[in-house]
Amino acid sequence: MGQEAELFNDFQLDALKEIGNIGAGNAATALSQMVGRRVDMSVTQVQVLKTDRIAAFLGGMEQNVAAVHMPVYGEICGVALVFFPLERVGELCGMLVGKREDDPFRLSEMGQSAIKEMGSILTGAYLSALFRLMNLQMIHGVPGLAIDMAQAVLDTVLVELEQKEEVAIVIETQFLENDKKLTGSFFLLPETGSLRKLFNAFSKTIGLSGNG
Amino acid sequence: MDDDSQVVGIAEITVAQSPQRLMAYGLGSCVGVTLYDVKTKTGGMAHVMLPSSRLRPLATPLGKYADTALGVLAAEVEKAGGRREKLEAKIVGGANMFEGLPQNVAAPIGLRNVAAVRQKLGELGIPIVGEQVGGNRGRTMIFNLEDGRVEIRMLNQPAQYL
């Protein structure tokens, strides 16, 4: 683990979990409005991972994924990624637009838009939760979608950030509609300069909240 | 992955000999470059990340940039017994996976990586005897030092060979 990853102690991970819970609540509201039915969301885990561990977290370097990519601008700059397990993407389309898709390699335009929108909703919700708790203002750009190997997605993002290895914040979210459970993993990969800012903000918030 | 396979990570340079294999998993906009001398069955692979080390405060590791990685790779292969003047190159990767990615320059980074690799190999006088570059799909590259063959794996596609 790098120095930054170690900076996250249990208190800070609790704060991160709180950000996750607030974000998931907001995302559930947005999503329920979009689909016109009640969808619940909960955070199943939060982690701070070195980027070379992300592929293993997702199931391996050649794991098939649907990945939504968004640039992040503001006080923290970097990239947000939302990964969905590829074998459940067809069902996710069903949940989002009411039409299940059979072949994740040949998603319809509507299906692709729905997956991108889902990534965008989650990212927007987590970024605004970061703003509410940490006072860090950020917005995300237009989402792009890739259906590919986990490592190829990471490779591309590391090139974009011009980094060989960095640290990412991970919030894994579960969506529940009736008895159907689907998951998506949100990753925030800050640029090198932004990472320090993010950790400082965390330390400050924990310090101020004291025993709260 | 078996015992004779070695993974070449991002920005790494690795040299090997028959019967070993070198692998780069999930090349996105990165470019995998192999150099091979068929007679001595000696070669190596670089996993290049960016086109140029110029204007960088810190041009390390050397394997990160096309302009610095390939000279080192050629020298390392020669040191391991490969004949410098007989080296042949194969290149894989340089995809543009997210079409929405903002581009602050004329060409996507994957294609700029490929162009920089070609230019550097040209300067070094090493011919490119096989390539599969560009497009929008990630690739895993497996280099077999037994015969110099490169296998390319892509999601939901049969394996291809260079």
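## The interface between chains A and B

Contact here means that heavy atoms lie within 4.5 Å. On that basis, 26 residues of chain A are in contact with 28 residues of chain B in what is a predicted model, where local features need pLDDT of at least 70, side-chain atom pairs count only at pLDDT 80 or more, and totals for chains, interfaces and linings use all residues. Residues are numbered from 1 along each chain as its sequence is written, chains are lettered from A in the order in which they are written, and side-chain values use heavy atoms, with hydrogens and water left out.

The area buried between chain A and chain B, that is, the accessible area (1.4 Å probe) lost on putting the two together, summed over both, is about 2,300 Å², and carbon and sulfur atoms give 67% of that area. Two salt bridges (a side-chain nitrogen of Lys or Arg within 4 Å of a carboxyl oxygen of Asp or Glu) are counted between chain A and chain B, and the side chains of A:E62 and B:R153 meet in a salt bridge at 2.7 Å, N to O.

## A helix pair in chain B

In chain B, the axes (lines fitted to C-alpha atoms over the stretch in contact, with angles from 0 to 180 degrees between N-to-C directions) of helix α1, residues 66-79, and helix α2, residues 109-124, come within 9 Å and cross at roughly 40°. Helices are DSSP runs (H or I, at least four residues) numbered from the N terminus. The contact is made by B:A66, B:D67, B:L70 and B:G71 of α1(B) and by B:A116, B:V117, B:K120, B:L121 and B:L124 of α2(B).

Key
Helices (H or I, at least four residues) and strands (E, at least two) are DSSP runs, numbered from the N terminus.
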